[in-house]
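Hello,

Here is the structure I promised to pass on.

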Amino acid sequence: VGVETFYGRLTGSFRVIDALATLAFDFPSGRSDRSPFFRSELEEFFVWCAREGRDPLEPLGSFAGAMGLPQFMPSSLNRYAVDFDADGRTDLVGSGADIAGSVARYLAAFGWKAGLPTHFAATPAGSAEDTALLREKDILPSFTAAQLRERGVGLPEAAQAHEGPLALVELENGAAAPTHVAGTTNFYAVTRYNHSSYYAMAVIELARSLKAAWAATAA
């Protein structure tokens with residue numbers, strides 16, 4: 001929520017119906033045509049409005065039609081939004097409980113497991129060929145810790161003891177050398193919100209900072 005909308009400060013000022021209708025029926029030229037996706041989202045938007053008793057001309061959101069603090073597309077609203085505070089309505093603008101519960105439900109649907117680390121530190125593979133082979137799967141966890149080590153990837157003890165699949169994730173740092181991490185299925189679950197390893201790391205590092213600040217306040 002902090003990364004998506006700066007905790008509600010930037011939720012979008014476009015009428016959702018205008019954004020979705022434009023992208024559904026007048027998708028910009030010069031890029032991969034996603035008009036079928038937005039036609040489906042427009043349909044989902046009307047379903048959501050009918051169920052919630054909302055005027056379709058009123059909701060505001062991003063230029064792509066995402067809404068609320070977590071920036072859910074209409075299909076995600078219909079599938080994952082939850083009335084977590086049990087007040088009889090689902091509010092992804094004013095209810096912190098509904099917002100947190102809905103994001104948690106979304107992540108859980110894509111495989112998030114409580115208590116599982118998102119990633120481990122890693123050093124790059126032994127050769128360019130090994131790195132290229134491991135990077136073919138990108139952020140999809142596809143290798144065991146042993147397989148990564150066989151290709152020369154350096155892993156801490158916690159990662160070596162990890163029993164689930166891992167992905168060798170490379171994060172570029174401008175002119176500096178790239179950073180590598182071994183991403184777990186929880187790292188991959190975060191990327192289902194936005195299919196970018198950089199997005200996932202931003203969310204994870206922000207969460208760590210918030211957790212540390214909360215612990216310091218509690219102490």
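Among contacts in the protein chain between residues at least 6 apart in sequence, 60% join residues at least 24 apart; contact here means heavy atoms within 4.5 Å. Please keep in mind that this is a predicted model, in which local features need pLDDT of at least 70 and side-chain atom pairs count only at pLDDT 80 or more, while totals for chains, interfaces and linings use all residues. Residues are numbered from 1 along each chain as its sequence is written, and side-chain values use heavy atoms, with hydrogens and water left out.

The overall picture

The protein chain has 10 helices and five strands. Of the 219 residues, 39% count as buried, meaning under 20% relative accessible area with a 1.4 Å probe and protein chains only; exposed is over 50%, and partly exposed lies in between.

The pockets

Rolling a probe the size of a water molecule over the atoms shows where empty space is left. The search runs on a 1 Å grid over the protein atoms alone: a pocket is an open set of points where a 1.4 Å probe fits, with protein on both sides within 12 Å along at least five of seven lines, and lining residues have an atom within 4 Å of a point. Grid points are joined across faces, edges and corners, and a volume is the space filled by probe spheres set on the points.

The largest pocket holds about 890 Å³ of space. It is lined by 24 residues, of which Leu-107, Val-203, Leu-206, Ala-207 and Leu-210 are the closest to its centre. Helix H1 (2-5), helix H5 (96-109) and helix H10 (197-218) are the elements that give two or more residues to this lining, and H10 gives the most, with eight. By class, the lining of the largest pocket has 18 nonpolar, three polar and three charged residues. In this scheme Ala, Val, Leu, Ile, Met, Phe, Trp, Tyr, Cys and Pro count as nonpolar, Asp, Glu, Lys and Arg as charged, and the others, Gly among them, as polar.

The second largest pocket has a volume of about 720 Å³. Of its 26 lining residues, Arg-34, Phe-37, Ala-64, Met-73 and Tyr-193 are the closest to the centre. Two or more residues come from each of helix H3 (35-52) and helix H4 (74-80), with H4 giving the most, at four. This second lining divides into 14 nonpolar, six polar and six charged residues.

Strand E4 (residues 167-173) and strand E5 (residues 176-183) run antiparallel and are joined by six bridges; two strands pair if DSSP finds at least two bridges between them. Glu-170 has His-180 in E5 as its bridge partner. Two residues lie between the strands of this hairpin, where Gly-174 takes a positive phi near 65 degrees.

Ser-197 is buried, at 10% relative accessible area. Thr-5, in helix H1, is also buried, with a value of 1%. Not counting residues up to four places away in sequence, Thr-5 touches Leu-10, Thr-11, Gly-68, Leu-69 and Gln-71.

Salt bridges

How many salt bridges does a search of the whole structure find? The count is seven, each being a side-chain nitrogen of Lys or Arg within 4 Å of a carboxyl oxygen of Asp or Glu.

One of them joins Asp-130 and Arg-151, whose closest N and O atoms are 2.9 Å apart. This pair links distant parts of the chain, 21 residues apart: Asp-130 is in helix H6 (residues 128-135), and Arg-151 is in the loop between helix H7 (145-150) and helix H8 (157-160). Asp-130 is buried at 16%, whereas Arg-151 is partly exposed at 35%.

Arg-15 and Asp-18 also meet in a salt bridge (2.8 Å, N to O). Here Arg-15 is partly exposed at 33%, and Asp-18 is partly exposed at 37%.

Happy browsing, and best wishes
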